[in-house]
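Me: Can you walk me through the charges and surface patches on this one? Keep it short.

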Amino acid sequence: MIRYTLAASCIALALSANAGATTVDEELKALKARIEQLEAEKEQAPEEKEMDKSIKFGGAARFQYSYEDYSDANTDRGGDFDFDLFRIDVNGNLDDVIFSAQYRWFEYMNVIHHAWVGYNFDEEQQGKIGVTQVPFGILTYASNNYFFSSNFYLGLEDDYDLGLNYTYKSDSNRLDLAFYKNDELGGLDGYVSDRTHRYAYDVVGVRLAGEGIYDAPTAGYAAGEKNTFNARYSHNFQFDEVKLELGVSGQMGQLEIENGTDGDQVAAAVHGVLNYDRWNLKLQLTDYKYDVDGMDVERMVVAAYAFYDSIPAEATSYVADLAYSLPVKWGPVSNLTFYNDYSLVTDKPSGQEDTFMNVTGVAVTAGGLYTYFDFVVAENQPFIGGSMVGDGGTNKRFNINFGYYF
């Protein structure tokens with residue numbers, strides 16, 4: 001571009017000299033100054049082009065059909081077909097800063113799923129700040145089905161809180177360290193209109209004796225998670241065609257209770273993930289406990305999806321999932337993933353009944369359309385006609401959830 005500008009200026013200079021408008025020396029001085037300016041701009045241009053800038057938008061719209069044997073109204077109608085959610089995702093990087101966020105609209109609430117900014121220190125190390133996934137147990141999910149495992153409803157699978165994350169990841173090892181100041185809604189005194197409007201389950205109160213399972217916390221006994229530390233380590237082994245991940249996780253934090261009472265919580269897990277050919281096996285053992293000074297607490301109040309619920313103040317859970325992925329060429333259908341996911345929550349206080357959930361299903365991939373077909377058999381399981389602190393019978397649910405991702 002500079003060469004073309006220079007040539008044009010020379011022609012103009014020659015013509016103007018003949019016309020006697022200005023002297024040749026004056027034109028040459030002006031031309032030289034312009035060339036220096038263009039050269040300076042050219043030196044800066046490559047730096048701007050090298051700056052890595054990228055922003056990508058995406059999202060999904062999901063719908064759901066359910067047939068529930070524990071709801072007479074639902075079975076009388078032959079099941080229900082509902083709108084599930086619409087979501088928007090944004091991911092990208094500006095220079096060395098990376099970022100990701102997702103917002104979800106349901107029929108009954110709008111929530112932030114995650115929102116963070118981060119920095120890649122090198123190819124193996126990354127830091128994040130914001131609403132991030134808590135590094136605990138099997139990542140990204142300890143399940144294959146639409147309903148997750150029972151751990152999700154205890155706040156121990158796919159949980160998101162507000163804080164700092166550090167991740168070191170090599171071919172064989174991964175170390176996650178995190179500190180969360182509070183939950184994603186700002187803790188006990190967060191500036192939100194409804195503390196039940198959240199994607200992931202968090203403790204929001206102490207459940208007193210005699211209270212209903214789904215009651216809001218009693219005045220003075222609302223609570224919020226704070227100052228939680230997480231550490232997770234996993235190691236990957238390779239044995240010919242078999243890949244094995246073994247890992248341990250720990251979580252320790254405090255509870256801020258409205259009346260000034262101190263509380264704390266601790267959780268630990270060991271897990272294994274095995275991949276062989278098209279087979280995948282997930283196993284996890286988890287144990288957790290909540291304590292409140294001066295109280296013999298048996299239940300805690302949790303919140304998510306626009307309602308309050310209750311969980312045992314302590315328990316042990318087991319997760320065992322088996323999946324098989326089958327590539328196919330059936331028109332737009334490219335893959336079928338068959339699975340059976342089993343969860344058990346036991347060792348609850350005061351003889352509370354166990355929770356179990358077994359989900360048999362298949363996930364179908366067809367272009368941007370992703371569909372779960374799930375048959376659920378469960379007892380004392382949220383969203384399957386029960387609660388973690390309930391004593392109900394066995395319930396069944398057939399569920400189809402399909403969504404288009406763009």
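**Salt bridges and surface patches**

Reply: The side chains of Arg232 and Asp176 meet in a salt bridge, 3.8 Å from N to O. A salt bridge here is a side-chain nitrogen of Lys or Arg within 4 Å of a carboxyl oxygen of Asp or Glu. The pair links distant parts of the chain: Arg232 is in strand β9 (residues 223-239) and Asp176 in strand β7 (residues 173-183), 56 residues apart. Strands (E, at least two residues) are DSSP runs, numbered from the N terminus.

Me: What kind of model and numbering is this?

Reply: This is a predicted model: local features need pLDDT of at least 70, side-chain atom pairs count only at pLDDT 80 or more, and totals for chains, interfaces and linings use all residues. Residues are numbered from 1 along each chain as its sequence is written, and side-chain values use heavy atoms, with hydrogens and water left out.

Me: Are Arg232 and Asp176 buried or exposed?

Reply: Both Arg232 and Asp176 are buried. Buried means under 20% relative accessible area, exposed over 50%, and partly exposed in between (1.4 Å probe, protein chains only). Asp176 has a relative accessible area of 2%.

Me: Which residues are linked in a network with them?

Reply: Arg174, Asp176, Arg232 and Glu245 are linked by salt bridges. Arg174 pairs with Asp176, with the closest N and O atoms 2.8 Å apart. Arg174 is partly exposed, at 23%.

Me: How many salt bridges does the rule count?

Reply: The count is 10. Another one to look at is Asp80 with Arg77, at 2.7 Å from N to O. Asp80 is buried at 19% relative accessible area, whereas Arg77 is exposed at 52%.

Me: Switching topic. Which residues form the nonpolar patch on the surface?

Reply: Ile55, Phe57, Phe86, Ile88, Leu94, Tyr103, Trp105, Leu369, Tyr404 and Phe406 form it, with about 960 Å² of accessible area together. β1 (53-68), β2 (80-94) and β3 (97-106) each give two or more residues. The largest share, 3 residues, comes from β2. Patch residues have over 30% relative accessible area and no salt bridge; like charges are joined within 9 Å, nonpolar side chains (Val, Leu, Ile, Met, Phe, Trp, Tyr) within 5 Å. Areas come from the Shrake-Rupley method with a 1.4 Å probe.

Me: Where is Leu94?

Reply: Leu94 is in strand β2. Leu94 is partly exposed, at 41% relative accessibility.

Me: And where does negative charge gather?

Reply: In a surface patch including Asp262, Asp287, Glu314 and Asp354. β11 (262-276) and β12 (279-292) give two or more residues to this negative patch. Asp354 is in the loop between β16 (333-346) and β17 (355-366), and is partly exposed at 31%.

Technical notes:
Lys and Arg count as positive and Asp and Glu as negative; His and the chain ends are not counted. The place of a charge is taken as NZ of Lys, CZ of Arg, CG of Asp or CD of Glu. Helices (H or I, at least four residues) and strands (E, at least two) are DSSP runs, numbered from the N terminus.
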